[in-house]
Amino acid sequence: MRYSLLIFLVLIGFNSFVWYHVLSGEQNTLDIYFLDVGQGDSELIILPGNIKILIDGGPDKGVLFELAEIIPKTDRYIDLVVMTHAQTDHFGGLLDVVERYKIGAFVTSGREGKSEVWDEFLNLLKEKKVPVVLVGAGDLISYRNSSVAVLSPDKESLISEEINESSVILGLNSEGIVALFTGDMGFETENRLVEKYDMDTDVLKVPHHGSKFSTGLNFLAEATPKISVIEVGKNRFGHPTEAALSRLRSIGSSIYRTDRNGTVRVTVKGGVLGVIVENK
């Protein structure tokens, strides 16, 4: 039932822009933007057909400036907004996104936050009448030849004391490549995913801003990403750590960082990967 509801809600969003696509011509490439939102996470996926999926929104309204550089001013619609977990550096900017854009559906694991900002966000979703869809491991979002698999959280990780381990983990399969979006997962979730799935990955959103407690060798040995992107800004945690960076180097992955490269755009057409950076 949850899966059927998800597809139904997604299609509502898709159908609302049928005439827009007919008039303007459809995008036929896959674009993945790792947005420069400071010390936080936000990724925008634009599927062939111009379907937009925003994962997280960073800590503040800075995400709006990044989106304005990508989405035309006349387009105020985002098909899906996914929140990996309810920490402010991942959902804080979503308040401004929901105020500015019409959202087809808000996707979450259902695990709630514990702050006034979180309560404000929930009230805003209700006020804007944004449909809320709960997902967990095993769910799938499909559009044409693209699919987004929900790999985590399962029931066990959803009740973990560590909220990072209950992050919504997504695997995108589109245009012949696989991209993995990892929230703030740590070794515990990484090892569980390796046991359950084929983790072979072309593009990796490095977990937890390059924390020393994530991106383990066991996980990387299975994932072997060609491209790894760390979303990070000025911080007091030492992110990205040398431990995480050295592990990524050891498998020969090309490493990009939003604090040095700005917004990182990965383009895919016919299975061929390209990377565009602005460099600061």
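Leaving aside neighbours within four places in sequence, which residues is Gln-39 in contact with? Before we get there, a word on the model: it is predicted, so local features need pLDDT of at least 70 and side-chain atom pairs count only at pLDDT 80 or more, while totals for chains, interfaces and linings use all residues. Residues are numbered from 1 along each chain as its sequence is written, and side-chain values use heavy atoms, with hydrogens and water left out.

Let's start with the whole chain. Its secondary structure comes to 11 helices and 15 strands (DSSP runs numbered from the N terminus: H or I of at least four residues for helices, E of at least two for strands). Of the 280 residues, 57% are buried, meaning under 20% relative accessible area with a 1.4 Å probe, protein chains only. Among contacts (heavy atoms within 4.5 Å) with a separation of 6 or more, 66% join residues 24 or more positions apart.

Now to Gln-39, which sits in the loop between β1 (30-34) and β2 (43-47). Gln-39 is buried, with a relative accessible area of 16%. To answer the opening question, its partners are Pro-59, Asp-89, His-209, Val-232, Gly-233, Lys-234, Asn-235, Phe-237 and His-239.

Have a closer look at two of these partners. The side chain of His-239 makes a polar contact with the side chain of Gln-39 at 3.2 Å (a pair of N or O atoms within 3.5 Å; within protein, one must be able to donate a hydrogen and the other to accept it, and residues adjacent in sequence count only if both atoms are side-chain atoms). From Gly-233, the backbone nitrogen lies 3.0 Å from a polar atom of the Gln-39 side chain.

Terms used. Buried < 20%, exposed > 50% of the residue type's maximum accessible area, 1.4 Å probe, protein only.
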